[in-house]
Amino acid sequence: MARAGGYGALLDALRGVTWPVRRTARGGTAGTHRSRLRGLSPEFTEYRPYRQGDDPRRLDWKLLARTDRAFLRVTSDRTTLGTWIVVDASASMAFPERTRAKWAQACRVAVGLTAVALGGGDPVGIVVPAGGPEPGTTGTARILPPRTRRGTLGEVARLLDGVTPEGSTALAPALALTGRAARLAIVTDLLGDADALLRDARKLVAAGADVHLVHVVAREELEPVAAAFLATDPEEPSLQRPLGDDSREAYLGAFDAFRRGAARAWREAGATYTEVAADEPAAHAVRRITVLPLGVAASG
Amino acid sequence: MSFLAPGFLALAAAAAAVVVALHFYARQRPRAALLPTARFVPDLAARAPSRASRPADLLLLLLRVLAVLLVGAAFARPVLDLGRRPVARIFVVDRSRAVRSPLGVRDTVRSRLAAGDLVVLFDSAARVVREGALDALAPGAGGARRGGADLDVATAALAPAGPRGSLSAAFALALRSAPLVAPGSDSIELVVISPLVDEEWDAATADLRRLWRGRVTLVPVAAAETRPVAAVDLRGDVADPLRATLGLAGRSLRGSAGNTGAVRLVRDRLTPADSAWARAGGVLVFWPANGPETAGGPGTATGTLDTVGAVVAEGAVLVAPFARVRGVAGGEGGLVVARWVDGAPAAVERSLGAGCERDVAIPVALRGDLALRAAAQHLVAALTAPCGGARRLAPLPDSLTNVLRGAGALWPSRSVPRREAHLVPASAWLLAAALLGLLAESALRTRTAKP
């Protein structure tokens, strides 16, 4: 497992990368993201004719004196964006058994996103839901509230390093822990409570949050080994199905359809969907996550 | 070891080959491996055919093959014949009245009998000698022969009996005994130790001999001497027509009761002295004269009148309108020596001590020439014959002895008809072993199937 000090190369590769928000942010703290609020910032934007009810303090008195017309001076505010990263730590993330490549990639992506967000001055928090005593239940989650102070990145890395993916963990309840997050990144393989997660994410998007889904997929899931074996679900050991030559095509088709369906559903919900292979360079994956989709103007 | 049904061995070998083939190309459960996306795999059967490149589960394979072979061996019905001999012999020993001396027969048997041989004694019937009766005649474990009391027992077992011998009965029992000795030998030799006299041959003898599919070894022994025709002591009316009949038949007559003649013909009433005389070895013929006043003794009066009747005895047929004023009952132990043409007994002989008693219910007319006919003479001769009937002790002609001897080889054991199929003890043990093998296979398979 990579330790906090083991992300150096990744952090170097992500230096200078920004994570612009796709919409105006709600918040008053000065930051890099464009705020919905307009007011007293020295950064002039435009004049607007005075309307009854406007604050007379915002009148441009000099302009009124010169032209005898009442205009308000409109400025753009810059604010910070509170960011939560939710990382799936269910047993399916500990795959393959030998390398746990999915979990390692999830950790690298989470640390990378944290670093990028912190680099933009945004407070970053992390939630790692823990499995309950029974499959599908939620135990005590590991939470690190959003903060911008120095050392936050190291705390995030240490928290992730202390987690062993196991059990069957529901992610949807973890979204409630994030409150009214301005930006939310969910790192998961979508093999748990995917429907509930999408439903709750929809609510967050409707509330104005900028939601990003990072779908981690192992290479062995995309291209299973050629030799026939009895595929066993790590979160439900009773589910065993033979995967051989006669069922490989059907499996690949079903898995591909699942991924395409998930991507469509999440995008339709207003979130971004990024599929990240476990063997993909993490820096590259983070850049793909943080880049704005075509046609979306950066607000930061 | 030999097998009664070796075809099952070949069948078991073929089945074992199939088991081995299936072992290397079987529907095996593939190895289990984690795959979080297993839910996207089609839900097919958890077993798939696969060909093993390297033999695995050899112990399982061994147990399965062993079980199949054991079942096949059990159905093949193995026979353990540790003491197998090239030739098994059945001795058919004559102990009828035709044998002169049991000592001669005993010595003959003693000189030829070997351990494991089967001995059949015969007179009018035949029986297999019970185990141990002739042990003194067979070589012991060390080749030594026993003597003393054992020899006496053997001699007594071979002592001639009263009845006439029957080679037909001897061959019938030899045929039935052949399957007993066939499994332990390659061929069977039948040894007949007998005087081979004329009276021992009957109409069925040749047919029964043909059923024995091999040559027969004949060992003649001395025949009993032919006794002169015994004098008849007739007790009855002086004018009894049977006196004339006996005279014409060449039988000498003695005077009165108490004489020492070998045959006593009683025409009036039986007395206790008559029975005592018969027990001492005489032939007592109770042949009451005609008329209700003389009827008596054993038997039942029937009153049947034959308009055209006849009586048959020892080949003699006397035809006349007989009035059956009394009857005789064959009963247990009775030997019918004369019959009416409808099969009813007309004269019955019963053993009585060392002798016998004949009860004759044939009426003889006081008048007429019935008693003078040649058929009547033959009938009277038959009814006054020694106990067991007239003795024909002339040696069999060569033509008949050649028929008995036959030609060619001994009877091969493999062609002896088998007795009704049954499970031999070795088969039961083999089946039990196969069952144990299957249980072990099941336990081993269950243990290896566990993850």
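In the predicted model examined here, strands S9(A) and S10(A) are joined by five bridges and run antiparallel; helices (H or I, at least four residues) and strands (E, at least two) are DSSP runs numbered from the N terminus, and two strands pair if DSSP finds at least two bridges between them. The two strands form a hairpin, with two residues between them. Within this pairing, A:Ala231 has A:Arg241 of S10(A) as its bridge partner. Residues are numbered from 1 along each chain as its sequence is written, and chains are lettered from A, with ligands numbered from 1, in the order in which they are written. Local features need pLDDT of at least 70, side-chain atom pairs count only at pLDDT 80 or more, totals for chains, interfaces and linings use all residues, and side-chain values use heavy atoms, with hydrogens and water left out.

Strand S9(A) is also joined to chain B. Three bridges link S9(A) to strand S3 of chain B (residues 32–34), and these two strands run parallel. In this pairing A:Thr232 stands opposite B:Leu34.

The interface as a whole brings 27 residues of chain A into contact (heavy atoms within 4.5 Å) with 18 residues of chain B. The size of an interface is often given as the accessible area lost when the parts come together. Here the buried area (the accessible area, with a 1.4 Å probe, that two parts lose on being put together, summed over both) is about 2,300 Å², and carbon and sulfur atoms give 69% of this area. On the side of chain A, the most area is lost to chain B by A:Leu230, A:Arg241 and A:Pro242, which together account for 26% of what that side buries.

Two salt bridges (a side-chain nitrogen of Lys or Arg within 4 Å of a carboxyl oxygen of Asp or Glu) are counted between the chains. In one of the salt bridges, B:Arg39 is joined to A:Asp233, with the closest N and O atoms 3.9 Å apart. The elements that give two or more residues to the chain A side are helix H7 (219–222), strand S9 (229–233), strand S10 (236–243) and helix H8 (245–268). Helix H8(A) gives the most, with seven residues.

Eight aromatic pairs are found over all chains, where rings of Phe, Tyr and Trp (its six-membered ring) pair if their centres lie within 6.5 Å, and planes under 30 degrees apart count as stacked, over 60 as edge-to-face and the rest as tilted. The rings of A:Tyr47 and A:Phe71 form an edge-to-face pair because their planes stand at 75 degrees, with centres 6.4 Å apart.
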